[in-house]
Amino acid sequence: MHGLGNDFVVLDAREHPLPPMTAAAARALADRRTGIGCDQLVLLEPSDAPQAGHAFRMRIFNADGSEVEACGNAARAVALLHGEAVTIETRGGLIALEPLDGGARVDMGAPRFDWEAIPLAYAMDTAAMPVGWPMDQGELAQPMAVNVGNPHVIFFVDDADAAALETLGPVIEHDPLFPERVNVNIASLAGPDHLKLRVWERGAGLTRACGTGACATAVAGIRQGLVHSPVRVSLPGGDLVIAWTEGGSILMNGPAAESFRGSFDWDDFALGAEA
Ligand SMILES: N[C@@H](CCC[C@H](N)C(=O)O)C(=O)O
């Protein structure tokens, strides 16, 4: 499946359990040359608390095998796959999915701004971070950090297309300021309710779109008074619409699609990958 070209292998283990997923197996499945190929592997499992109304659990693994808390584009894809409005569990918390024609609306929960929640290595104001290299490279001054289930750093620049995200992204992702690494967003203003955005994703690199990146960047822009809600966020793969008011949940609206279904021999990936 994919959301604006951010692509996923979705494994549905809600009714038929799979052997435990490992980082090595996730990496092997995500490999674009020797596996199926994807930015993120998405694993659906039964909920721990069905009595509380949680329909199922969505687990997310980046292409590098790391298990993470949230994925906005995958949430829309899974909403489309499930076909009914539900609340589901993720590592980042509960999210509410509502399938729409050709996509979905997702309540991503409330953003967090305190430095411990990002998380950062030490205390600072996340709305105007006084940081040094590599984040003070000319236009890349004064980032903001937002956690929308997963950690994001956001830079507003004059021209998002001109920034050297492919070289700065991996350096910033691994900067010691971010003990759990970080997703790197570079955005520019395209209008009073419109942002242009490119994202270097933690554990996956440059992707065509990042749903949580769009949420974090829209929230940062609204907080700074740069744009007003709802915000259209244009990514290389297409547009998302993000609505947020201070103190509330983030609502994300956008497309998703199924590319194909298939089967594979688990042992080729899971056991082969461990060797
Ligand atoms: N593509 C995703 C985000 C996936 C996880 C991210 N790379 C992380 O490590 O937090 C999205 O659409 O939000």
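Q: Which residue in E4 does Leu41 stand opposite?
A: Leu41 has Phe61 in E4 across from it. The "E" names are strands (DSSP runs of at least two residues), while helices are H or I runs of at least four, all numbered from the N terminus. This is a predicted model, where local features need pLDDT of at least 70 and side-chain atom pairs count only at pLDDT 80 or more, while totals for chains, interfaces and linings use all residues. Residue numbers start from 1 along each chain as its sequence is written.

Q: What makes E3 and E4 a pair?
A: Two strands pair if DSSP finds at least two bridges between them. E3 and E4 (residues 54-62) are joined by 7 bridges and run antiparallel, so they count as a pair.

Q: How do you know that E2 and E3 pair, and in which sense?
A: Strand E2 (residues 6-12) and strand E3 (residues 40-46) share 5 bridges, in the parallel sense. In one of them, Val10 has Val42 in E3 as its partner.

Q: Why is the unit made by E2, helix H1 and E3 called right-handed?
A: With the strands pointing away from the viewer, a right-handed crossover has its path from the first strand over the helix to the second running clockwise. E2, H1 (residues 23-30) and E3 form a β-α-β unit with that handedness.

Q: Why is Cys71 called buried?
A: Buried takes 20 or more other C-beta atoms within 10 Å of a residue's own, exposed takes 12 or fewer, and partly exposed is in between, with C-beta atoms placed from the backbone. Cys71 has 30, so it is buried. Cys71 sits in the loop between strand E5 (67-68) and helix H2 (72-82).

Q: What makes Cys210 buried or exposed?
A: Its count is 34 other C-beta atoms within 10 Å, so Cys210 is buried. Cys210 lies in the loop between strand E13 (205-206) and helix H4 (211-223).

Q: What does the UniProt annotation "active site" cover?
A: The unreviewed UniProt entry puts that label on Cys71 and Cys210. They are spread over 140 residues of sequence, yet they cluster in space, with a largest C-alpha distance of 7.7 Å.

Q: Why is Pro236 called partly exposed?
A: Pro236 has 16 other C-beta atoms within 10 Å, so it ends up in the middle class. Pro236 is in the loop between strand E14 (231-235) and strand E15 (238-243).

Definitions and conventions. UniProt positions are given in the numbering used here, feature names are shortened, and annotations may be inferred rather than shown by experiment.
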